[in-house]
Amino acid sequence: MSPLQSLTLPNEQPEIHVQGDIEMNSQHYAVRSTCTALLLFACLASLSVVASATTGERPATCATRGPASPGELHREWILVGWEKHRGDPPFDFRQRLGHLYHWNSDDVRLYDTFDPQHRVARSADEWASIWTEPFTTLREARHSVLDGPDVIDGGTLSASTLEFAARLETSAGEIIGNRARTSLVWECTPGGWKIVREHTSVRIVSREEIDTIVPHSDK
């Protein structure tokens, strides 16, 4: 081997070594970039799932307008469900109001200050047991909406408020008049909106006032 060759060999070896380093660094950078991209994609996917779960998509069964919307169902609740005329059959809570309540939810809380014992029902069954007997003994229960309904649309949960007057006639012929404000929370289910929360605050009013607000009718 000539002296020239011996001098060039050291220069050739570092060149080969540098090229190897460049190739290894390029591979390492490519792997790291791929991992970073996958991690970013996973994070974005997770955020999408969380956002979807938080927002919640409302089933098409839950209307925001019309007779099946929370506001109109609230009107039906008081003007049809709790209305009673002379000669009506015995009060059947499930038949009159059952389609408006959630019967399988653990979130149900129902309260009305008109209940002398101020009980809180944690199911529609319990609520029915509280009101069936006293409501059955009434001769009449006439109602009028005074304000509302006002609705807040929360997606899969909606809240409605409504003020009504009630003219109740007992079995003894006594007239009890009251004005009440009620708040209902509706949960969107595959079967439509169902009540999971109810709070009604009642104020007793004079006979003169209730006769003006809800006039007596023989119908």
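These legends go with a few close-up views of the structure. The model is predicted, so local features need pLDDT of at least 70, side-chain atom pairs count only at pLDDT 80 or more, and totals for chains, interfaces and linings use all residues. Residues are numbered from 1 along each chain as its sequence is written, and side-chain values use heavy atoms, with hydrogens and water left out.

**View 1. C62 and C188 are joined by a disulfide.** A disulfide is a covalent bond between the sulfur atoms of two cysteines. Here it's called when two cysteine sulfur atoms lie within 2.5 Å, and that rule gives a count of 1. The S to S distance for C62 and C188 is 2.0 Å. The torsion about their S-S bond is about 105°, so this disulfide is right-handed. C62 sits in the loop between α1 (3-55) and α2 (70-81), while C188 belongs to strand β5 (residues 175-189), 126 residues apart. (Helices are DSSP runs of H or I with at least four residues, strands are E runs of at least two, and numbering starts at the N terminus.) Both cysteines are buried, meaning under 20% relative accessible area with a 1.4 Å probe, protein chains only.

**View 2. Strand β3 (residues 140-153) pairs with β4.** Strands pair if DSSP finds at least two bridges between them; this antiparallel couple has 11. H143 has A166 in β4 as its bridge partner. In the hairpin, 3 residues lie between the strands, and G155 takes a positive phi near 90°.

**View 3. β4 also runs antiparallel to β5.** Here you'll find 13 bridges, and L162 stands opposite T182 in β5. This hairpin has 5 residues between its strands, with G173 in the turn at a positive phi of about 90°. As for β4 (residues 157-169), 10 of its 13 residues are buried.

Notes: Buried < 20%, exposed > 50% of the residue type's maximum accessible area, 1.4 Å probe, protein only.
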